[in-house]
Amino acid sequence: MHIQQFKTNVSEQYDVVKFIDIHDITDKHSSVFKLLEDCSDRAFAPDQRVVFFSSHEPSQLLCNHIQRCVSELGIDNGFISIHCPHDIQASLSTAFNKYGGTTSAMIAWQHVDLDDTAPIPDDKIYSFETMCFVPFTSTKIHVNGDVEVCCKHGDCTSSYNNREERFDNYEPFAVGNVNDQTLTEVINNDVYKDLRHQFKQGLRPKGCQNCWNTEDLGGTSMRQMLYPKLKIGADLEYFDFDPDGDEFRARHVHITPSNLCNFKCRMCVGESSSAIALEEMRFAKDAESKQNFKSMIKDLSAIRPAPGKPDIYATVLDPAMPHLKSFHLLGGEPVMMPDLPDMLRYMLASEYHKNIQIGLNTNGSYWSDEIVDLLLQFNLVDVLLSIDDIKDRFEIQRGSPVPWNEVVDIINRWAKLSSDAVNIIFFPTISIQNVLYLDQLFDFFEQNYKGFTVTTAYLESPTHLSIDQMTQTAKDLVYNKYHNSAHPELKSIAMRMAETEAVDGKKFIDEMNKLDLRRKVNFSQAHPEIFAAMSKR
Ligand code: SF4
């Protein structure tokens with residue numbers, strides 16, 4: 001059938017919003033998203049349709065791509081049909097099962113014998129199953145200037161079957177250092193380039209093993225978690241870049257401006273918390289480690305200008321700011337960092353801050369009117385409150401010198417700032433310490449901060465605190481508590497208990513006892529059930 005005749009026939013049956021030759025979505029990954037962008041969240045009349053057509057058979061990858069785009073844009077599948085001579089029901093069903101979203105109807109296939117249309121290659125379409133936009137856009141800068149691709153990318157060579165060995169051998173992998181090069185030079189170096197090439201070829205890069213392992217265990221990896229955050233932004237902007245031809249610019253920067261912190265979280269290390277470094281120095285057994293921790297107790301400021309040190313404003317901020325979409329401050333505790341106001345003022349002095357979403361992770365114990373006033377001048381603000389538990393359990397797990405009721409006062413101050421321009425997000429990290437008490441934490445959020453976003457992270461390192469490293473008794477305890485829970489996350493934690501193997505809890509118990517002794521606190525008294533369960537095989 002001639003294309004024009006086909007269009008006339010379909011138009012007699014439906015009010016066609018768009019005819020799309022599938023060939024026209026194959027030149028770039030972003031093409032289908034751009035073509036359908038104006039249909040996003042649109043209310044269609046019952047007889048309206050978006051009609052794709054081709055005389056060729058769309059591959060599974062193309063069917064997945066169309067389905068994902070339709071779901072991401074919030075278009076009901078019932079308004080989409082694909083017309084071609086080949087039976088693609090099975091491919092559409094596979095695509096629907098993976099990316100169909102919440103609608104019940106599938107994208108419809110309609111048979112038509114069309115005259116020859118242009119071919120439909122899929123080599124510029126990237127599979128969501130293996131693609132990650134992070135190496136195309138993002139970077140993380142450590143307090144010593146080391147640049148990492150993200151907090152999950154690293155040098156992990158051990159096999160998936162031996163989780164403990166893998167995590168113990170896992171090291172964050174510095175791909176460059178902003179004391180030697182500008183940030184733009186680092187993210188255009190060979191390591192970044194190679195990663196981008198691997199993702200474009202549909203490979204699973206070895207340094208991303210953390211994400212693959214989480215996905216293989218049925219969890220949601222950081223790679224997958226980040227997509228919804230950017231919605232279709234990732235598909236629209238990032239994957240069309242040519243890894244060889246284009247100069248990449250950082251769009252999303254995470255930076256640890258300093259290790260200064262007042263907390264001694266049991267999951268953290270001296271390099272990230274000056275308070276832990278001080279404690280480690282006091283208890284260090286040999287002169288070398290004492291000296292090592294001593295070097296960390298002073299404020300290791302990445303951003304403070306100093307003689308003989310490259311100006312990080314020039315190596316990071318100046319080249320990055322014109323292109324930045326988000327700039328996220330990690331800790332330490334950013335709100336207590338003395339150099340932060342100067343850096344924020346420097347960013348605010350440029351016109352670019354109007355495009356930048358500024359974010360920070362805070363432990364909820366520290367308030368600075370000066371820093372808050374500066375943050376509020378950016379385009380958007382994300383405040384992630386690291387609240388893992390409540391009351392005395394919070395104090396013990398986090399090694400907090402600030403009593404829980406004072407932390408609640410500060411949480412309330414942040415909560416009052418919540419608006420269209422300020423996102424206040426609770427960001428608990430789930431570990432063995434708090435896993436059994438999460439129902440109480442979620443109730444605390446629900447009762448006091450209804451409607452606020454809660455985003456969870458699962459601790460993987462140190463391994464002795466990971467919920468994948470529990471004794472059978474502890475796993476049974478958690479499973480029995482949550483397997484009938486109406487809360488989807490608690491239910492999925494119960495399922496995770498059933499999927500991982502039990503281990504000996506000795507390291508966990510030894511570490512809890514060691515820190516109790518140092519800090520003169522009693523973890524087992526505040527967490528009696530999980531401590532007892534981790535003590536038994
Ligand atoms: S796949 Fe995971 S580890 Fe690799 S870059 Fe993406 S988020 Fe980072």
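Mentor: Val253 has Phe327 as its bridge partner in strand 11, and Ile255 is partnered in that strand by Leu329. This is a predicted model, in which local features are described where pLDDT is at least 70 and side-chain atom pairs count only at pLDDT 80 or more, whereas totals for chains, interfaces and linings use all residues. Residue numbers start from 1 along each chain as its sequence is written. Helices (H or I, at least four residues) and strands (E, at least two) are DSSP runs numbered from the N terminus, and two strands pair if DSSP finds at least two bridges between them.

Strand 10 (residues 252-255) and strand 11 (residues 326-329) run parallel and are joined by four bridges. Strand 10 also pairs with strand 5 (residues 138-141), again in the parallel sense and over four bridges, and there His254 stands opposite Lys140. Both faces of strand 10 are covered, with His252 and His254 buried on one side and Val253 and Ile255 buried on the other. A residue is buried if 20 or more other C-beta atoms lie within 10 Å of its own, exposed if 12 or fewer, and partly exposed in between, the C-beta atoms being placed from the backbone.

These strands belong to an open sheet of nine strands, in the order 9-6-5-10-11-12-13-14-16, with mixed pairing. Its edges are strand 9 (176-177) and strand 16 (453-454), each of which pairs on one side only. Strands of a sheet pair through backbone hydrogen bonds, either parallel or antiparallel.

Lys391, in helix 17 (residues 391-398), has a positive phi, near 55°, although it is not a glycine. Most residues other than glycine have a negative phi, and most peptide bonds are trans.

Turning to the helices, Ser274, Ala275, Ile276, Ala277 and Glu280 are buried in helix 12 (residues 274-283), and the buried residues of helix 12 pack against helix 13 (287-297). Lys290 lies in helix 13 and is partly exposed, because 14 other C-beta atoms lie within 10 Å. Leaving aside neighbours within four places in sequence, Lys290 is in contact with Met281 and Ala284, contact meaning that the C-beta atoms of two residues, placed from the backbone, lie within 7 Å.

The shell around the ligand has 13 residues, of which Cys132, Cys150, Lys152, Cys208 and Cys211 come nearest; a residue counts as near if its C-beta atom, placed from the backbone, lies within 6 Å of the molecule or strand concerned. Helix 5 (134-137), helix 9 (209-216) and helix 10 (222-230) each supply at least two residues of this shell. Arg204, in the loop between helix 8 (190-200) and helix 9, touches Thr130 and Trp212 once its neighbours within four places in sequence are left aside.

Over the whole chain there are 24 helices and 17 strands. Buried residues make up 40% of the 537 residues, and of the contacts with a separation of 6 or more, 76% join residues 24 or more positions apart.

Confidence is highest in helix 18 (residues 404-416), at a mean of 98, and lowest in helix 6 (residues 163-169), at 48. Over residues 157-168 pLDDT stays under 50, and the model has 15 contacts beyond four places in sequence for that stretch. Where pLDDT is low, the predicted coordinates should not be read in detail.

Terms used: pLDDT is the predictor's confidence in each residue, from 0 to 100.
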